[in-house]
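Have the structure open as you go.

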Amino acid sequence: MRDSQDRELGMDRPITRRDFLNGVALTLGAAIVPSPLFAAFDSSTPSNYYPPAQTGLRGSHVGSFEVAHEVRDGTFWDHAGSAKDTGEVYDLVVVGGGISGLSAAHFFRKVAGPKARVLILDNHDDFGGHAKRNEFRIGDKFRLGYGGTFSIESPEPYSVVSKALVEELGIDVASYPSYVDKKLYSSNGLSPHIFFDKETFGADKLVINPMDIGSSETGDKPRAGAERFKKFMAEAPLSDTAKQDLQRLLDDQKDYLPGLSSDEKKARLARMSYAAFLTELVKVNDEVVKMYQAMPQPLFGVGIDAMAAQDAWGLRLPGFAGMKLDPTPGKGMNRDAIPNDEAEKYFFHFPDGNASIARMLVRKLIPEAISGNTAADVVLARADYAKLDRADSPVRIRLNSTAVRVKHLGDAASAKEVEIAYSRGGKVSTVKAAHCVMACWHVVIPYICEELPDKQKEALAEAAKVPLLYTNVVLNNWSAFHKLGASSIYAPGGYHSFFTLDIPVSMGGYEAAHKPDEPIVVHMMKTPCRPGHPARDQHRIGRGELFSTPFEAIERKIRDELGRALVGGGFDPGRDIAAITVNRWPHGYAYEYNSLWDPFWLEGGETPCEVARKPFGRLAIANSDAGAYAYTDSAIDQAWRAVGEITKQS
Ligand SMILES: Cc1cc2nc3c(=O)[nH]c(=O)nc-3n(C[C@H](O)[C@H](O)[C@H](O)COP(=O)(O)OP(=O)(O)OC[C@H]3O[C@@H](n4cnc5c(N)ncnc54)[C@H](O)[C@@H]3O)c2cc1C
């Protein structure tokens, strides 16, 4: 049975996919599994060391996390052997080669001068952290996708520091409209849709989306209108009661908390989930709740059961029109939920997302590694990985290298040096540095910086991240989307809950797909949350799920989901899928505080990230975790602060 279903889904078809290392299968019980690319990288990097072109399971790929997990489990040093001193001495070692670590290196050199010696260590086979690039070749067409960090955007305006770095890199945010073909999909009659699945809603049905529900990265806003709404109501597989309740939710101007002041209402809404608001106050049918369930996943990695109703109000979800809430943000509102016009206008998307920012930072640090000098020409520039870690360069980036111990040589208050031990290809080596910036994930730090105060370690451990899948599926063409009139699909019950045609951005010689018969990247997003649990528990369970799901299982879900949603457009997953890259991020977004679960956020007081990021001797702590804010500007701002702390020292 499975075999014939698999054949229908095209599981037997040759495509660019299926990593030869397939997730857990090879990692369980393996002491240290080098990246598939590692062996080639270690001696003299050959030209085929090129991680962006890898497909299959990427993100936290096999070979990137096993060492850190062993350090966490206390088993690493049992078999690691003694560390070998490389004899290398640096002015700064940065742990973590994401945007924060790369920015820290850049800021440090501004103060210490271009000759300052800097080493950046990262456990992945590619630099950029979450800001990763996926490349595909389909016949004579070249396609780019973003494997993580999607764009320059932030619910709060970028700080002076972040804006200045964006400008210094040569990115003119205001020029974005000149690169994007904003009308491509709408001029082809495409608009956002909702896919109701039979497991959740009783029937598989793709329906036009006339409401502000479900986000679309293409920028194609759901279009309202009486005719479209009528069509939605006629076609959606919802019961009559659910339809009446939905109409009531959208139209009624009712105050669901009568007799309370605006502040009192906000205080109540901050302590109840939006799901509870819909069920207990608006009293809508469960089908309506299910339809809204996945809405906040792209922001917080959880559904409406774990998002405060006050945040739903800020995000302009329905139900609040008659509640007479004054427009100022309420106590405990999440920063993502506070509308800000200035921030909304500051948006720029490269075809590979913010991987372009990481690549431009690398180009500043090691100019010979990436050619060119503009924000446009970086898009097609091929990074030369052989140039990243050379003894004659003041800045070196050492990939496939997990920091396993960071300690002062002597008492932290008076030591002049820090020793950093890292594991690479099964061997442990050490380097020394005058300073170290920990730009890695905060949860890792307590295990490798044992000398930190316990209170700080506890605060660092609080920053467990939000798990996510960013899946890029390349289709041979987008005719099925075209026939169905769909540019993006919100699938509240789906494995991936959002999928969308790539944003048509062409720049620096890169051409996005313009015609339906051309290959295109479809971006799919999943957050493996577990509704009903507190947010942090949902993330912990979801992280486990991502680490233990092999690529093949995810591929089957992708084929099934696309096949069912697009069947009306003649889509055949066996014929139409050309390549798949699943970017798995069990440690994804920085955790953002939430009024439902974090009393200090609602009631005030020191936040864990403020405790976590305190400097310690010659160590400073960066990463977006240090701001408890899952955005690139946080990664940059925290790097700036961390570098400021160490450069004040002698
Ligand atoms: C799927 C996804 C989509 C996102 N989309 C956006 C977006 O559109 N816009 C936006 O502003 N932000 C987005 N973000 C948030 C993103 O996290 C930040 O914008 C930014 O890229 C984070 O940079 P960072 O350097 O702080 O952390 P990271 O990018 O996580 O980099 C930290 C690096 O440290 C490494 N590391 C950890 N432990 C060790 C160790 N022991 N030794 C060596 N290296 C180690 C990690 O593996 C990682 O490579 C997204 C995040 C994810 C996961």
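**Around the ligand**

There are 36 residues surrounding the ligand, and the closest are Asp122, Asn123, His130, Trp441 and Thr632; a residue is counted if one of its heavy atoms lies within 4 Å of the ligand. Keep in mind that this is a predicted model: local features need pLDDT of at least 70, side-chain atom pairs count only at pLDDT 80 or more, and totals for chains, interfaces and linings use all residues. Residues are numbered from 1 along each chain as its sequence is written, and side-chain values use heavy atoms, with hydrogens and water left out.

**Polar pairs and cover**

- Trp441 puts a polar side-chain atom 2.5 Å from an oxygen atom of the ligand.
- For His124, a polar side-chain atom sits 3.1 Å from a ligand oxygen atom.
- Phe150 takes part through its backbone, with a polar atom 3.0 Å from an oxygen atom of the ligand.
- The protein covers 99% of the 980 Å² of accessible area that the ligand has on its own (Shrake-Rupley method, 1.4 Å probe).

**Who builds the shell**

- β16 (577-589) is among the elements that each supply at least two shell residues, and β16 gives the most, with three.

**Helix α20**

- In α20 (residues 454-461), the buried residues are Gln456, Lys457, Ala459 and Leu460 (buried means under 20% relative accessible area, exposed over 50%, with a 1.4 Å probe and protein chains only).
- Those buried residues fall within an arc of 160° seen down the axis of α20, so they line one face of the helix (the arc uses directions from the helix axis to the C-beta atoms).
- Asp454, Lys455 and Glu458 are exposed, on the face of α20 turned away from its buried side.
- The buried residues of α20 pack against α19 (445-448), α26 (608-612) and β17 (619-621), with contact meaning heavy atoms within 4.5 Å.

Conventions:
A polar contact is a pair of N or O atoms within 3.5 Å; within protein, one must be able to donate a hydrogen and the other to accept it, and residues adjacent in sequence count only if both atoms are side-chain atoms. Helices (H or I, at least four residues) and strands (E, at least two) are DSSP runs, numbered from the N terminus.
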